[in-house]
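Have the sequence at hand as you read.

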Amino acid sequence: MAGFRSLARQVRDQRGDLALRRYSLRKCLERFAPYGHRATWDHLCARHGIEPEDRAPDPVRLIRALEELEDARAVWLAYETGFAERRRREKHDGRRRPGTFDDWHRRTWGGNGVAPCDDPEIHPTAPLAEVLGRLIAALGSEPGAACPVCAGTGIAWRQDLDREPWSGPVCTGCGIVVPRPVLTERALAKARGGRTRKLASAA
């Protein structure tokens with residue numbers, strides 16, 4: 001089975017049939033699709049003026065879409081390298097079992113569904129690399145009350161997501177399923193429609 005880089009070479013092959021080059025770009029999304037396959041394809045088509053069902057798209061547009069995907073993949077691979085180094089240090093220090101924070105990483109192995117979109121037609125408009133950079137920065141920071149991608153505070157809890165964890169907070173602005181570790185307990189409770197209990201001060 002061809003890997004991402006091999007498929008990318010096929011997309012760039014100027015001697016290749018345009019339909020095959022388009023197919024190879026779609027196959028790239030089986031290796032790396034931050035929003036999920038359908039949503040990432042919709043995003044690339046919208047940003048680069050490709051008709052989703054066009055079997056012979058403008059090759060220049062096709063290459064630009066591939067370049068955006070490659071830029072995002074480079075951001076993700078750098079993150080995964082850092083993650084692996086951190087886990088090695090933790091194991092060396094006797095922490096063999098990953099923490100709950102790492103559950104998110106386990107579900108996004110390989111970069112598929114890093115920022116899955118609840119609706120494939122609703123996704124961030126910024127370049128993929130920029131979106132991943134914001135998300136990764138948020139994962140390394142203190143939890144907040146807003147979406148790390150678009151800074152929107154409209155976050156709703158969905159019970160019928162298409163992939164694990166099957167339920168979670170979804171940004172009503174950009175459409176991503178927000179990783180739970182980047183949100184405060186108060187923000188998660190608000191998304192669920194509940195309230196956080198205020199702690200009584202000890203006087």
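## Overall make-up

Helices (H or I, at least four residues) and strands (E, at least two) are DSSP runs, numbered from the N terminus. By that count, the protein chain has seven helices and two strands, and along the sequence they follow the pattern α-α-α-α-α-α-β-β-α. This is a predicted model, where local features need pLDDT of at least 70 and side-chain atom pairs count only at pLDDT 80 or more, while totals for chains, interfaces and linings use all residues. Residues are numbered from 1 along each chain as its sequence is written, and side-chain values use heavy atoms, with hydrogens and water left out.

Of the 203 residues, 40% count as buried (under 20% relative accessible area; exposed is over 50%, and partly exposed lies in between, with a 1.4 Å probe and protein chains only). Taking a contact as heavy atoms within 4.5 Å, 62% of the contacts between residues at least 6 apart in sequence join residues at least 24 apart.

## Where H2 meets H3

The axes of helix H2 (residues 18–31) and helix H3 (residues 37–48) come within 9 Å and cross at roughly 135 degrees. Axes here are lines fitted to C-alpha atoms, for helices over the stretch in contact, and angles run from 0 to 180 degrees between N-to-C directions. H2 and H3 are therefore oblique to each other; angles under 35 degrees count as roughly parallel, over 145 as roughly antiparallel, 65 to 115 as roughly perpendicular and the rest as oblique.

From H2, the contact uses Arg 22, Leu 25, Arg 26, Leu 29 and Glu 30, and from H3 it uses His 37, Thr 40, Trp 41 and Leu 44.

## Ala 72 in helix H4

Ala 72 lies in helix H4 (residues 59–92) and is buried, with a relative accessible area of 0%. Leaving out residues up to four places away in sequence, Ala 72 touches Phe 32, Leu 128, Ala 129 and Leu 132. Ala 72 and Ala 33 are 39 residues apart in sequence, and their C-alpha atoms are 9.5 Å apart in space.

Ser 167 sits in the loop between E1 and E2 and counts as buried because its relative accessibility is 15%. Beyond its neighbours within four places in sequence, Ser 167 is in contact with Trp 157, Arg 158, Gln 159, Leu 161 and Arg 180.

In helix H7 (residues 185–192), the buried residues are Ala 187, Leu 188, Ala 189 and Ala 191. These pack against strand E1 (155–158) and strand E2 (168–171). Just after H7, Gly 193 takes a positive phi of about 90 degrees.
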